Amino acid sequence: MKKTTILATGLAALAMGAQAQSTVQLAGLVDAYAGSVRMAGDAVSKSVVGSGGMTTSWWGMSGSEDLGGGLKANFALTSFLRADTGEVGRFGADSQFSRDANVGLSGAFGVVTLGRSKAPNFLPTIAFNPLGDSFTFSPLVLHADVALFNGTGWSSAVPSDTGWSNQITYTTPDMAGLKANVHYQFGEQAAATDKNNVGLNLMYFSGPVGLTAFWERDQVTNPVPAVLASGATRTVWMLGGSYDASVVKGFATYGKSTSDLAGVADKTTVSLGLSAPVGGGKVLAAWAQSKIDGGNTRDTATLGYDYNLSKRTDVYALLMNDKITNFASGTSWGLGVRHRF
């Protein structure tokens, strides 16, 4: 009788485990480089050991639980870090889990996520340029997401970060290579309850062809939510495409940023790029140009090589030139290593 009870208890435990399997994964990426940085408008170059030459360093946890019937619960808690100093975040005011802090449900209907996660602009921007999510050397990413604080007055095309807090995101199932993400960020501002961010993106991949589009309307800042200056509303959109011909993969994007704030001119950005497998790595080349209506033009170009030491580790060498009308141009270079775990 005792043996039968123990066996029944064991079988019940196994059945419960089969019905509710949970996984938790610790993962991350560390990227550091040595080199020299001089952006357009900088007076002099600066020798550095920097973090995130090819990808912003990060670490964290994610996981899921099988709830049965095709339904899963998911979570992600991931944090950016600066590998050159050991500091948390991309910059001093960045929050602990500014990369991801969310929970949600997924199933045949798609994925619903609550919390801080990617903004509409992020995936289309990094997937449709050859340098991916390099916030140091990718011309398209620099023009879209990185402002210059050196007297040029150059602002990023996207005013509200690559991630949104206080957000509801819906991701569709894969529809013959097409996926869509719909984003809504609550403003949570007591004096401006009608302020929010909203947007969507489309990603399509089929064989050698890739296509994307995103649109977002921003009224709230990130990662710390606050109403944009003077209550301004900014609208940003971009179209992009790629084609992989095996010997070379080409990329192209075209987008525009507008504002309803008086005195803020529209900005148009175009980019071209290619990657080509050579040896055990890839040659990377990219160019982006942004034009402010009635104002300055910025051109940024990068050439480099990324070599794979293994599936998880690569080394890279990059050279970039950056110039803005009526300002001194700058040249940057970096030699780095990136490791995923």
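Trainee: Over how many bridges do β4 and strand β6 pair, and in which sense?

Mentor: Before that, a word on the ground rules: this is a predicted model, where local features need pLDDT of at least 70, side-chain atom pairs count only at pLDDT 80 or more, and totals for chains, interfaces and linings use all residues. Residues are numbered from 1 along each chain as its sequence is written, and side-chain values use heavy atoms, with hydrogens and water left out. Strands here are DSSP runs of E with at least two residues, helices are runs of H or I with at least four, both numbered from the N terminus, and two strands pair if DSSP finds at least two bridges between them. For β4 and β6 (residues 100-107), the sense is antiparallel and the count is seven bridges.

Trainee: Which residue in β6 is the bridge partner of A76?

Mentor: Stay with the antiparallel pairing of β4 and β6. Within β6, the partner of A76 is N102.

Trainee: What is the volume of the largest pocket, and which element gives the most to its lining?

Mentor: On a 1 Å grid over the protein atoms alone, a pocket is an open set of points with protein on both sides within 12 Å along at least five of seven lines, whereas a cavity is a set where a 1.4 Å probe fits but cannot get out; lining residues have an atom within 4 Å of a point. Points are joined across faces, edges and corners, and a volume is the space filled by probe spheres set on them. The largest pocket holds about 1400 Å³, and of its 40 lining residues the closest to the centre are R90, F91, F135, V146 and A147. The top contributor, with five residues, is β2.

Trainee: What about the second largest pocket: which element has the largest share of its lining?

Mentor: That pocket has about 530 Å³ of space, and the closest of its 21 lining residues to the centre are N102, V111, T113, K118 and T171. By class, the lining has six nonpolar, twelve polar and three charged residues, where Ala, Val, Leu, Ile, Met, Phe, Trp, Tyr, Cys and Pro count as nonpolar, Asp, Glu, Lys and Arg as charged, and the others, Gly among them, as polar. The largest share, five residues, comes from β6.

Trainee: Now the cavities. Which element gives the most to the lining of the largest cavity?

Mentor: A search of the whole structure finds two cavities of 30 Å³ or more, and the largest has a volume of about 130 Å³. Of its 17 lining residues, the closest to the centre are A144, A157, V236, M238 and T269. The lining divides into nine nonpolar, six polar and two charged residues, and the most, five residues, comes from β13.

Trainee: How many charged residues line the second largest cavity?

Mentor: Its volume is about 40 Å³, and F128, P130 and W287 are among the lining residues. There are eight nonpolar and four polar residues in the lining, and the charged count is none: no charged residues.

Trainee: Is E188, with its positive phi, buried or exposed?

Mentor: Most residues other than glycine have a negative phi. E188 has phi near 55° and lies in the loop between β9 and β10. Buried means under 20% relative accessible area, exposed over 50%, and partly exposed in between, with a 1.4 Å probe and protein chains only. At 58%, E188 is exposed.

Trainee: Which peptide bond is cis?

Mentor: Most peptide bonds are trans. Look in the loop between β11 and β12, where P223 is found. With omega near 5°, the cis bond is the one from N222 to P223.
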